[in-house]
Amino acid sequence: MLEVLIGVGLGLLLASNVALWLKLNRCYWDLHKIISESTDGIEFEPNVDGIKDEIFDALGDFMGDLKVPSAQDHFIGGLSQIMQMWAMKKFSPMVEQMQNQLEPSNYVEPNFPSDNLP
């Protein structure tokens, strides 16, 4: 029974793929025919100066919003580093305990055939 269901499923899959291929092939030939029959080409010249101006405007807006770091910014940055060092010292025993619990004790290093090449 399972073999019949698998066969029917594969048959339907194959039939749908063939139908899709035929439809795409037909669309390809229709599009190719339309393009070959058209006499006027579509000419498009991008406005490079306009694109360039937009990029410059975007960069100018971004750079205009930047400011030089103040003494307060530097103080807060230094304070955050001190707090991170304190937290690392305080929580390091717990981190080591978690790592020891998560590491498998009987871990076997895999031996790949490419490692044994001369």
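**Reading a predicted model**

Mentor: A search of the whole structure, which is a predicted model, finds one salt bridge.

Trainee: Which residues form the salt bridge, and how far apart are the closest N and O atoms?

Mentor: A salt bridge requires a side-chain nitrogen of Lys or Arg within 4 Å of a carboxyl oxygen of Asp or Glu. Here Arg26 pairs with Asp30, and their closest N and O atoms lie 3.5 Å apart.

Trainee: Where do Arg26 and Asp30 stand in relation to one another in helix H1?

Mentor: Helix H1 spans residues 2–37, and because Arg26 and Asp30 are four residues apart in it, about one helical turn separates them. Arg26 is exposed, at 54% relative accessible area, whereas Asp30 is partly exposed, at 32%.

Trainee: How many helices and strands does the protein have?

Mentor: The protein has three helices and zero strands; read from the N terminus, its elements run α-α-α.

Trainee: Which residues make the nonpolar surface patch?

Mentor: Trp86, Phe91, Met94, Val95 and Met98 make a nonpolar surface patch of about 510 Å². Trp86 lies in helix H3, residues 71–102.

Trainee: Why does Trp86 count as exposed?

Mentor: The cut-off for exposed is over 50% relative accessible area. Trp86 counts as exposed because its relative accessibility is 54%.

Key. Residues numbered from 1 in each chain as written. Predicted model: local features only at pLDDT ≥ 70, side-chain atom pairs only at ≥ 80, totals over all residues. Heavy atoms only, no water. Patch = residues over 30% accessible without salt bridge, like charges linked within 9 Å, V, L, I, M, F, W, Y side chains within 5 Å. Areas by Shrake-Rupley, 256 points an atom, 1.4 Å probe, with all protein chains shown as cover. Helix = DSSP H or I, 4+ residues; strand = E, 2+ residues; numbered from the N terminus. Buried < 20%, exposed > 50% of the residue type's maximum accessible area, 1.4 Å probe, protein only.
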